[in-house]
Amino acid sequence: MASPQPKLPARYTVEEYLALEETADQRHEFYQGEVWAMAGATALHNELCYNCTASLKGAARKQGCKVYSENVQLAVADGRFYTYPDVMATCHDEDVQAERTMRNPVLLIEVLSPSTADYDRVWKRFRYQQLPSLRHYLLVSQQYQAVDWYHRASDTADWQHQVLTMPDEAAEIPELATRLLLADIYAELGIPLVTDDNAGMEKPNGRPE
């Protein structure tokens with residue numbers, strides 16, 4: 001995800017926040033009255049989001065679902081937490097008809113960056129996984145070709161976790177009648193495989209980032 005910036009000085013009601021988002025040039029994240037401006041994304045971040053969206057969109061359309069990238073709001077907890085996932089897919093009738101705010105995603109994807117990795121892996125994952133509709137949460141690395149895939153079969157099933165690291169591995173998304181292939185996520189981006197000798201070893205002392 002794009003990095004949240006220092007919070008704005010005032011506390012906002014939900015109504016004030018939603019009104020702000022209708023006219024603001026910049027996206028903001030809301031949590032219990034506090035509002036943070038979200039920084040713009042890098043070119044690589046944007047390309048990874050595009051690859052994920054492009055890979056899912058055709059299949060989603062056939063299922064009557066929609067896929068959104070970066071600028072569509074998600075109400076994670078109404079009245080408490082609103083954010084903008086990097087990629088979001090929803091099949092719920094209310095969401096398909098909604099103009100601005102989604103509430104019932106089946107799939108969420110965040111592209112990791114150094115400043116947000118812990119936030120996305122821990123704090124945000126915990127809250128996303130409280131959404132009854134959610135079946136898939138993917139964390140996409142920019143450093144090397146690797147995707148953490150959290151998934152469950154129903155809202156009462158336990159969450160499962162797999163790490164995809166090879167080009168022919170895929171996250172199976174039956175709700176969209178498709179699979180998200182690692183090779184498609186990283187297509188034409190030149191990001192190394194985890195198995196490459198120099199993957200993630202860019203610091204002068206040879207330690208991974």
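1. A residue counts as buried when its relative accessible area is under 20%, as exposed when over 50%, and as partly exposed in between. The model discussed here is predicted.

2. D148 takes part in a salt bridge with R121, the two side chains meeting at 2.8 Å, N to O. This pair links distant parts of the chain: R121 belongs to helix α4 (residues 117-128) and D148 to strand β11 (residues 147-151), 27 residues apart. R121 itself is partly exposed, with a relative accessible area of 30%.

3. A further salt bridge joins the side chains of R103 and D78, at 3.0 Å, N to O. R103 sits in the loop between β8 (101-102) and β9 (105-111), while D78 sits in the loop between β5 (73-77) and β6 (81-83); the pair therefore ties together parts that are 25 residues apart in sequence. R103 is partly exposed at a relative accessible area of 35%, and D78 is likewise partly exposed, at 49%.

4. The side chains of R179 and E172 also meet in a salt bridge, at 3.0 Å, N to O. R179 has a relative accessible area of 41% and is partly exposed; E172, with 37% relative accessibility, counts as partly exposed too.

Conventions:
Residues numbered from 1 in each chain as written. Predicted model: local features only at pLDDT ≥ 70, side-chain atom pairs only at ≥ 80, totals over all residues. Heavy atoms only, no water. Salt bridge = Lys/Arg side-chain N within 4 Å of Asp/Glu carboxyl O. Helix = DSSP H or I, 4+ residues; strand = E, 2+ residues; numbered from the N terminus. Buried < 20%, exposed > 50% of the residue type's maximum accessible area, 1.4 Å probe, protein only.
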